[in-house]
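User: I'm new to this one. Can you walk me through it?
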Amino acid sequence: MSINVGVIGVGAIGQGHIRRLSHVLSGARVGAVTDVDLDRAGEVARDLPGTVLHPTGAALVADPGVDAVVVTSWGPTHEEYVLACIAAGKQVFCEKPLAPTREACERIVEAETAAGRRLVMVGFMRRFDAQYRAMKDVVTGGEIGLPLLMHAAHRNPSVPDFFTSDMIINDSAVHDIDVARWLFDEEIAAVTVLTPRTSRKAKAGFHDPLLVLLETGSGVLVDVEASVNAGFGYDIRGEVVGEDGTVELSESAGVVVKRAGAYSGRVPADWRERFVRAFDAELQAWVDAVAAGGTTGPSAWDGYAATVVCETGLAALRSGAREPVVLRERPDLYEVAP
Ligand code: NAP
């Protein structure tokens, strides 16, 4: 039986997830949509036979025909919708960030803990990328010995006008923060942010690129080069250095061409191209888990921890100092390590 999914927010990624649920994945259909821009939501609904248009997110969550909810609206609205889903006892897939502030994430963690079961999955799709999964298998399988360091880079070709300088950390590097927690199965204990010479292409007031240094609880050091003006493509890098060897992400797209004494390959144009299959796998895993009566993947705790590390990173950027990450105690509901 197919689950009826309601989608709140039909912007770029909302429409991508609607396409996935309708045409790529199995076991679900889009039964309802809404958006703060109702005209746009109406246009989307018109292309989906039998899909109900709701005037608000609250109405969509309350619809008894909606089995589970995908939240793809603007970040500051996530808390309201996720809390409504928890109150209604409905499974919710929430795009990152779970919420933009520590306090909002805490309210979600508290509500889910009070409900006594996991109802929230957060959209950190890199955990479903084949290369990152293979890297995690190598790290956790002990093949390269004890991990010591990770070098990562997150190079965006460009970003839209609404992108603020803080978003280099809390919208872009947040993915690398989640990867670090997940790869090494532990929390980030401290953050330092270094500011190299600024690119001439950086917007006024931006420190771009940044070097974000994450220290895990056991002392693994992760350096993340984060930039949003690379120009040449969307370039995602990662290499873990262990006591006995290294494991690194390979070039992600397509084939290598060798001709005329040179070799070349494609750099993905953007995050959609690089992670298209990860998004598919992520949402399919959620659909399958919901059909089985539960959830899977990154939890509300993971969303909370990522937001706190981002806030700490922004504090470190401003202070120029190493800032410790202070997390609340992890409720038993989230006892499985990140
Ligand atoms: P977007 O194109 O601006 O879409 C956001 C949509 O939500 C817009 O249609 C927006 O309408 C709508 N919205 C805003 N407030 C709302 C409300 N109160 N109720 C219902 N809908 C509302 O942004 P996006 O790129 O799709 O991003 C959406 C979310 O996905 C963000 O949290 C973003 O961080 C996340 N995201 C994640 C990834 C990833 O790699 N996992 C990639 C992209 C985006 P208006 O345009 O009229 O404001």
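Analyst: A polar backbone atom of Gly-123 sits 3.4 Å from a nitrogen atom of the ligand, a polar contact being a pair of N or O atoms within 3.5 Å; within protein, one must be able to donate a hydrogen and the other to accept it, and residues adjacent in sequence count only if both atoms are side-chain atoms. Taken alone, the ligand exposes 900 Å², and the protein buries 76% of that (Shrake-Rupley areas, 1.4 Å probe). This is a predicted model: local features need pLDDT of at least 70, side-chain atom pairs count only at 80 or more, and totals for chains, interfaces and linings use all residues. Residues are numbered from 1 along each chain as its sequence is written, and side-chain values use heavy atoms, leaving out hydrogens and water.

User: What does a backbone N or O atom of Lys-96 lie 2.9 Å from?
Analyst: An oxygen atom of the ligand. For Val-36, a backbone N or O atom is 3.1 Å from a ligand nitrogen.

User: How many residues surround the ligand?
Analyst: There are 26, and Ala-12, Ile-13, Asp-35, Arg-40 and Tyr-81 are the closest (near means a heavy atom within 4 Å).
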